[in-house]
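Student: I would like to learn how to read a structural model feature by feature. Please begin with the terms and then apply each one.

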Amino acid sequence: EQKAALQYRVDHLTVRQYETELGLYLSKAMRGKFSSVARGYCLSKKLEFTKTPMLVETPKGEVQGHANVYPREALEHAALVLGYA
């Protein structure tokens with residue numbers, strides 16, 4: 001069960017986690033495009049993506065927010081489409 005949970009984390013990432021893994025720095029706008037392409041891929045292939053809670057930095061301090069968690073396959077597709085692969 002623990003191995004399955006670990007495998008899920010390896011195969012499902014946020015855009016920021018994937019960006020870090022590739023050693024990239026994406027602007028906020030480009031992360032949005034990455035997310036949009038990954039989400040579209042998931043919807044077209046009927047792949048599930050989820051949300052994970054996270055703290056978001058704002059001018060007034062940190063606020064509770066969320067980030068989408070995509071299958072690695074969707075993020076790899078987005079990287080290819082956007083010219084990062």
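Tutor: Helices are DSSP runs of H or I with at least four residues, strands are runs of E with at least two, and both are numbered from the N terminus. The model discussed here is predicted. In it, helix α3 is followed by Lys 46, whose phi is positive, near 60°.

Student: How many residues does helix α3 hold, and what should they span?

Tutor: Helix α3 comprises 18 residues, 28-45. The expected span is 1.5 Å times one less than the number of residues. For α3 this gives 26 Å, and the end C-alpha atoms are 26 Å apart, which agrees.

Student: Which residues of α3 are buried?

Tutor: A residue counts as buried under 20% relative accessible area and as exposed over 50%. In α3 the buried residues are Met 30, Arg 31, Phe 34, Ser 35, Ala 38, Tyr 41 and Cys 42. Viewed down the axis of α3, they fall within an arc of 140°, so they line one face of the helix. Ala 29, Leu 43 and Ser 44 are exposed on the face turned away from that buried side.

Student: What covers the buried residues of α3?

Tutor: The cover includes α2 (15-22), β3 and α4 (72-81).

Student: How many aromatic pairs does a search of the whole structure find?

Tutor: The search finds three pairs. Phe 34 and Tyr 84 form a tilted one, 6.1 Å centre to centre with 50° between the planes. Phe 34 lies in α3 and Tyr 84 in the segment after α4, so this pair ties together parts 50 residues apart in sequence. Phe 34 is buried at 1% relative accessible area, whereas Tyr 84, at 32%, is partly exposed. Another tilted pair joins Phe 49 and Tyr 70, 5.4 Å centre to centre with 35° between the planes. Phe 49 sits in the loop between α3 and β2 (50-58) and Tyr 70 in strand β3, 21 residues apart.

Student: Where is Asn 68 placed, and is it buried or exposed?

Tutor: Asn 68 belongs to strand β3, residues 61-71. Its relative accessible area is 13%, so Asn 68 is buried.

Student: With which side chain does Asn 68 make a polar contact?

Tutor: The side chain of Asn 68 makes a polar contact of 3.0 Å with that of Lys 51. A polar contact of 3.0 Å also joins the side chains of Asn 68 and Tyr 70.

How values were computed. Residues numbered from 1 in each chain as written. Predicted model: local features only at pLDDT ≥ 70, side-chain atom pairs only at ≥ 80, totals over all residues. Heavy atoms only, no water. Buried < 20%, exposed > 50% of the residue type's maximum accessible area, 1.4 Å probe, protein only. Polar contact = N/O pair within 3.5 Å; in protein donor to acceptor, adjacent residues only side chain to side chain. Arc of directions from axis to C-beta. Contact = heavy atoms within 4.5 Å. Phe/Tyr/Trp six-rings, centres within 6.5 Å; stacked < 30°, edge-to-face > 60°.
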